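Here is a short briefing to keep beside you while you look through this structure. Take a moment with the view below, then follow the points topic by topic.

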Amino acid sequence: MQTRAAKPRWPGGAEAVIELNGQEAPESNGHAPTSVTDSPAGPVLLRPDTPARWWTNGRRAKQTDHALAKPIPEGSILGRRDTAYRVSLVLADVVATLAAVILGVIVIGSDSLRLEALITLPLVPFVCKAVGLYDRDENLIRKTTLDEIPALFQVATLYAFVLWLSEHMIVAGELRHRQVIGIWALMFLLMTVSRSVARRVARTFTRPERCLVIGDVESAEPVRRKLRTSVDLNARLIGRVPLCDEPPMPDVLGTLDELGIVLAEHEIDRVLIAPAASDPELILHTIRMIKSMGVKVSVLPRLFEVVGSAVEFDDLDGIPLLGLRRQGLPYSSRALKRATDVVGASLILAFLAPALALVAIAIKLDSAGPVLFRQRRIGRHGEAFRIFKFRTMHDGADAMKAQLMSRNEGAEGFFKMAEDPRVTRVGRFLRRTYLDELPQLINVVRGEMSLVGPRPLVADEDRRINGWQRGRLDLVPGMTGFWQVLGSSRIPLDEMVKIDYLYATNWSLWLDVKVILRTVPYVLARRGL
């Protein structure tokens with residue numbers, strides 16, 4: 001049998017993968033041939049769903065000119081992680097569906113289920129698979145159920161409709177309207193909760209995802225900071241590979257030519273590429289090589305720092321285009337957001353009125369001074385307004401600020417202290433539980449603030465924002481926002497401004513709902529400074 005010549009598969013790592021046709025590899029560059037036992041005919045196939053954890057003939061490919069690629073074992077860590085998430089989600093969906101049907105048919109309607117009802121259970125994982133609910137976690141670092149709620153709503157609606165059509169087959173009796181509505185609502189809620197629990201369980205029993213950044217140090221540092229501070233991410237940054245030559249640094253694991261070896265030696269699961277102003281062909285070739293080795297790829301696109309994710313994909317006879325939103329919200333969107341704010345703030349104020357009265361009495365008894373603290377903030381289009389908060393400090397606290405600047409713990413541009421001596425006893429409790437923010441609901445009703453929006457800045461902070469960044473003021477400030485759930489004063493001012501700008505660019509009512517839902521666990525965990 002004839003031996004075919006070696007064909008390089010990628011730059012870096014071993015110099016080439018030898019394609020064998022049942023014979024030993026020929027001698028090359030003076031080295032002895034690699035012994036092959038029971039080699040299969042044809043090229044060695046590499047599984048695309050596993051990490052690059054193969055290379056023989058030593059730790060470094062530089063020690064030899066050729067290395068034989070071995071197939072990755074089926075039980076790879078990367079494969080086990082993805083399988084763990086998929087299996088957990090499938091079990092969660094089936095259990096949630098079964099519980100919803102039993103409660104809806106037997107408890108709500110006092111009917112009995114036929115054995116044929118089990119036939120409809122596989123419909124749920126089938127539909128979930130069809131809409132990508134089992135595959136998205138593989139491509140994401142942050143695996144969250146919140147973004148799936150619209151799709152889960154559709155799955156629950158479809159399943160309830162199918163049950164209604166096939167009621168005589170699955171129910172010994174008649175499936176009433178309240179039962180159908182009950183099954184639909186229970187299935188939607190139980191699937192949401194069970195998927196959150198399933199992801200938490202899977203995250204507990206899988207190792208953190210090992211990430212590598214390809215780019216400069218400015219691109220790697222924000223990623224490192226996010227992975228270190230976020231409690232929702234099961235990932236950590238191992239190091240960096242620069243796109244261009246640069247002086248040796250502690251976090252650099254190798255050069256781009258050694259990328260294959262770096263991925264193998266450090267068992268990298270995911271590569272994050274920050275392209276910067278590099279050769280696009282080099283970036284594309286690097287992405288193809290990484291994917292061929294079974295490693296996941298995420299890209300940090302500079303374009304979306306400006307346009308955000310609210311784009312519409314267009315097609316011009318085969319030429320892909322991105323349609324971008326115009327600056328600001330149309331009148332209909334502003335009216336919808338305003339109506340939601342008025343209704344939501346009014347209901348919350350009415351519901352919490354007794355608690356607010358008790359807080360006011362406690363403040364008055366604890367220390368001298370007014371109950372409410374008023375401060376000048378900058379609102380929509382740069383117009384100033386007075387923000388309301390429960391007073392948490394002693395009178396004259398502003399005069400002591402200059403003396404405490406050396407103890408500032410806030411990020412650049414903010415003044416914050418975890419143990420501020422100016423805070424009263426009641427004020428410390430109010431800050432820890434975020435109850436001091438509730439009077440801002442008055443600002444919401446008056447139209448000066450929104451339930452969700454950009455952070456309301458004081459005049460000194462606002463003067464530091466110029467140019468396109470002032471686009472964040474196209475919306476009224478909010479009681480909460482991404483700036484809150486991402487760390488409040490722990491993030492620098494310039495990064496917070498970008499977050500606010502992208503929120504204003506990408507606004508939707510569902511985005512506000514997601515922020516509010518993410519704020520609740522944030523407040524309960526008391527992660528603020």
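His381 sits in the loop that joins strand E9 (372–378) to strand E10 (384–390). Its phi is positive, about 60°, although His381 is not a glycine. Please keep in mind that this is a predicted model, with an average pLDDT of 76 over the chain.

**Loop residues with positive phi**

- Is His381 buried or exposed? His381 counts as exposed because its relative accessibility is 52%, and the cut-off for that label is over 50%.
- Glu267 is another residue other than glycine with a positive phi, in this case near 50°.
- You will find Glu267 in the loop that runs between helix H8 (259–265) and strand E5 (270–273).
- With a relative accessible area of 28%, Glu267 is partly exposed, since that label covers values between the buried limit of under 20% and the exposed limit of over 50%.

**Leu438, a buried loop residue**

- Leu438 lies in the loop between helix H12 (425–433) and helix H13 (440–446).
- Although in a loop, Leu438 is buried, its relative accessible area being 17%.
- Which residues does Leu438 touch, not counting those up to four places away in sequence? They are Leu352, Leu356 and Met479.
- The C-alpha atom of Leu438 is separated by 8.5 Å from that of Leu349, a residue 89 places away along the chain.

**Leu451, a buried strand residue**

- Leu451 belongs to strand E11, which spans residues 450–452.
- A relative accessible area of 15% makes Leu451 buried, because the limit for that label is under 20%.
- Beyond its neighbours within four places in sequence, Leu451 contacts Thr340, Asp341, Gly344 and Ala345, along with Leu441 and Val444, and also Gly478, Met479 and Thr480.

- Of the residues in the chain, 73% score a pLDDT of at least 70.
- Where does pLDDT stay under 50? This is the case over residues 1–75, for which the model has 137 contacts beyond four places in sequence.
- Where pLDDT is low, the predicted coordinates should not be read in detail.

Key: Residues are numbered from 1 along each chain as its sequence is written. This is a predicted model: local features need pLDDT of at least 70, side-chain atom pairs count only at pLDDT 80 or more; totals for chains, interfaces and linings use all residues. Side-chain values use heavy atoms; hydrogens and water are left out. Helices (H or I, at least four residues) and strands (E, at least two) are DSSP runs, numbered from the N terminus. Buried means under 20% relative accessible area, exposed over 50%, partly exposed in between (1.4 Å probe, protein chains only). Contact means heavy atoms within 4.5 Å. pLDDT is the predictor's confidence in each residue, from 0 to 100.
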